[in-house]
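Biologist: I am new to this model. Could you take me through it one part at a time?

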Amino acid sequence: MRGDPILEIQGLDLGFAAYGQVTQVLHGIDLRVEIGQRVAVIGESGSGKTVTMKAVIGTLPHPAGRVLGGSIRFQGRELLTLTRSERDRLKGTDISIVHQDPLTSFNPVFTIGQHLDDVLRYADRRLGAATDRAGRQRRVETTLRQVQLNEPERILRSFPFQLSGGMRQRVLIAMALLHRPQLLIADEPGTALDVTTQDEILRLLNQLVSEEHLTLLMVTHNLAVVRQTADYVYVMQAGRIVEHGPTRAIFEAPRAPYTQQLLAAIPPLYGTRVQRREALTTDAFITASDLAKRFVSPRHWLEPARPPVTAVRGATLSVCRGDIFGIAGESGSGKTTIARMIMGLLPPTSGRIEIDGRSIEDLRADPAFRHRIQIVYQNPASSLNPRRTVAETLAVPLAFARSARRGERADRTRALLAQVELPAHFASRYPHQLSGGQKQRVAIARALAVEPEILVLDEPTSSLDVSVQKTIIDLLLALRTQLGLTYLFISHDLSLMRNFCNRIAVMFRGEICEQGTTDEVFLHPQNAYTRALIASIPVISDEEERAKPSVTLEERRAVLASTVQL
Amino acid sequence: MSSATDLTQDFEELSNLGRAWRRFLRNPAAVIGALIVISVVVAAVLAPLLAPHPGHAGSFVDFRNRHIAPSFAHVMGTDNVGRDIFSRVLFGYRVSLLLVVGVLGVAVPLGVLFGLLAGYFAGVVETAFMGFTNVMLAMPPLVMALAITAVLSPDLVNSMIAITCLWWTWHCRLVYRVTKSVAAEDFVEAARLAGASHFHVLFRELLPNCTAAISVKTTLDAGFVILFGASLSFLGLGVQPPTPDLGTMVASGAQFLPEMWWEAVMPGLAILYAILGFNLLGDGLRDMMDVEI
């Protein structure tokens, strides 16, 4: 019955055993999900949200994971005392999970059809119901139609890599729905996808819950997603539930300081909280005119020639000294290609780039040019050499920096660390001893070491938690005013760009479809794609929801149909 | 750079080394392997002191005491001219380890250098180096060694040369693969953008990321080099009598099988013991450093 609990977790304590001792990671988790409800558990990385879900579904790492106390009741049955085989019967049939990563959840050597058939066959076997292949095929096709995949035959024949991210996520949802579960657990649904695709997936989940009488338990770090999809919210921090309540109450009147802090860290899209950035100067610093890049794959004598890929075409932009210029776009839209051409790392197929009045060809010949433009990468794990300490990493650019003489290097290292607000003793640390945010600070320090004028920021915060993201953004803003830097900020996170950039260019399939000051683009978007893109950004208040450009269903469909993702 | 590292003392890395050491100690096979390797090295270095009959290492002849079965006086028995096999095994380890050091000392740096260059510089360098390496890998090792030692004269140095010519290719392949994947990481481009030279990128950024794989492979290889050297000697292409070599000893002892079994079996066991040690140690290092070979 609606209102009855389907899942009740009471006082759950859980720990991990390592090196002979047990470290407790969950402390007295109480959680209740009612039939037909959409419940979200939100928290930042390491808060214990995924571990809680694993305890429910019974996939804790073995033998390290230990339940230390408490109970988990599903439809009134205690799960923790069930035998392994009793528990396995629930998995995939009464409780299903949709995993986070739509690519690694599949085995690349099997077709989608084989994956789905296996799930169904094994679940049937566990239930003792023998089924034939044709019958299973029909059930699989029906389920695929349910998740709005309209060519089930083609999908079933495909291998995972042949489908887009959005389609793979849909297949994962279909996989979880095959056995008509009572409770659907979704781990970060749509997080790995572009914002327009994520929006579609969330709409689909909402629709399934209401049409199929499902109960949804969702785990996510994205508050805006929660507001759109959940009725009830639990906020987790460091293995404890710090606040819970109906979604509206949590967003409108958060009580726990941690929730308030989380909400405050989310960059607003509209309203009075939006930060506005002004240009420092009005003199054109970087100009690109009619820029194009075509990638031609080398001809192989055994294969027919592949058509060249046009990554960027007809891009014209102008960045002033001291600007924070944002290049927005979804994956594959060509934003990184533009940045690499401006950095002189990729020669453009056609078009002109000028920096400070000199052409890029001219500048590339000049060894000092490299120091005028530096980059901060997206993935902090890959941008630092794991075998070099922070001091050693900084020593490389310092050795070539204009101002640093040999004896000054220790001083410069210390000064750089202070500039990115890291303690001096971090100099002797290795990357694995740093958190994601600290690694990104080191990467910023390395970029600053040669005293550049332009920094290319390639999604520098996309792998960080939202509260850490805020501190990095604040640091970058402080550095800009301090050093008069010009930023070229590449991102797919439009709410962040709204608050960080003073000018923005929106890219769609290799072309700049809209360009202007951030206010112009967000308040009066002209281009249909820009409108659909902005409309699909999840927001955290009704006020913002109303301020978003209104997009009709037809408009949205038209744009989605033309994107690479679908 | 060193002054920058001295900014403050940080002992966290030390405790990490400590943790790796503890992980190593927890693996009994690795510890046994390490002990065996140490015992082999000690035996080889101190052979003149440890051997009960150091004189038997050379062209000593004592026909009264030939073909004595293992006993208290001769723990591994004596051979067909009355020499103490145990003493000759200890001296045989000297030759084996000399071979290992000589071969790996040249083959590993060579293979690592070529692998780094091929993995970092794409295009012509990669095609040329890896093409040549693959051609070398396609040659049957024994045939190749036969050819080299037949052209030159069969002795220790020439068998070293023969084995070295074959061995560097494996290290080249390994380092090439590791370099290729590491070179795609952002920190390599970041170093180049900061103004670092190719030399710096190759030896200061990429090489340290290959050391785990190289050291594991080198340890595992030590055993195989001993085995390969023994095979060459067994065929009469390696070390020549009267220098005691384990492979030669097995070969000459084999004539007296099965009655005087110890003359072939004892040196054979000695080879087995050393190889086992290096392999266990190598496997242990691999578990400790978490690398794929």
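**Sheets, domains and helix packing**

Modeller: Strand S9 (residues 232–237) of chain A and S10(A) are joined by six bridges and run antiparallel. Strands pair here if DSSP finds at least two bridges between them, and the elements are DSSP runs numbered from the N terminus: helices are H or I of at least four residues, strands E of at least two. This is a predicted model, in which local features need pLDDT of at least 70 and side-chain atom pairs count only at pLDDT 80 or more, while totals for chains, interfaces and linings use all residues. Residues are numbered from 1 along each chain as its sequence is written, chains are lettered from A and ligands numbered from 1 in the order in which they are written.

Biologist: Which residue of S10(A) is the bridge partner of Val235(A)?

Modeller: Val235(A) has Glu243(A) as its bridge partner in S10(A).

Biologist: And what is the order of strands in that sheet?

Modeller: The order is S6-S7-S8-S3-S9-S10 in chain A, an open sheet of six strands with mixed pairing. Strand S6 (95–98) and strand S10 (240–246) of chain A stand at the edges with a single partner strand each, so one side of each has no neighbour in the sheet. On average, neighbouring strands of this sheet are turned by 15° against each other, direction ignored; the angles come from axes fitted to C-alpha atoms, for helices over the stretch in contact, and run from 0 to 180 degrees between N-to-C directions.

Biologist: Which helix lies across S6 and S7 of chain A?

Modeller: That is helix H6 (residues 165–177) of chain A, which runs at about 170° to S6(A). The S7 in question is the strand at 183–187 of chain A.

Biologist: How many bridges link S11(A) to S12(A)?

Modeller: Eight bridges pair strand S11 (residues 284–295) of chain A with strand S12 (residues 309–320) of chain A, in the antiparallel sense. Within that pair, Arg294(A) has Thr310(A) as its bridge partner in S12(A). S11(A) is also joined to strand S14 (residues 350–355) of chain A, by five bridges and again antiparallel. Ile286(A) has Ile355(A) as its bridge partner in S14(A), and Ala292(A) stands opposite Ser350(A) in S14(A).

Biologist: How is chain A divided into domains?

Modeller: Domain 1 of chain A covers 35–59 + 77–265, and domain 2 covers 284–297 + 307–562; the bounds come from an automatic or database domain assignment. Their C-alpha centres lie 33 Å apart. The contact between them takes 18 residues from domain 1 of chain A and 16 residues from domain 2 of chain A, where contact requires C-beta atoms, placed from the backbone, to lie within 7 Å.

Biologist: Which helix gives the most on the domain 1 side?

Modeller: H8(A) gives the most to the side of domain 1 of chain A that touches domain 2, with five residues.

Biologist: Next, the two chains. How many residues of chain A are in contact with chain B?

Modeller: 33 residues of chain A are in contact with 22 residues of chain B. The elements giving two or more residues on the chain A side are strand S16 (373–376), helix H13 (380–383), helix H14 (390–400) and helix H15 (409–419) of chain A. H14(A) provides the largest share of that side, six residues.

Biologist: Finally, at what angle do H10 and H11 of chain B pack?

Modeller: Helix H10 (residues 198–234) of chain B and helix H11 (residues 246–254) of chain B pack at about 40°, with their axes 7 Å apart. They are therefore oblique to each other; under 35 degrees counts as roughly parallel, over 145 as roughly antiparallel, 65 to 115 as roughly perpendicular and the rest as oblique.

Biologist: What about H8(B) and H10(B)?

Modeller: Helix H8 (residues 156–183) of chain B packs against H10(B) at an angle of about 155°, with the axes 10 Å apart. That makes the two roughly antiparallel.

Note on methods:
Contact = placed C-beta atoms within 7 Å.
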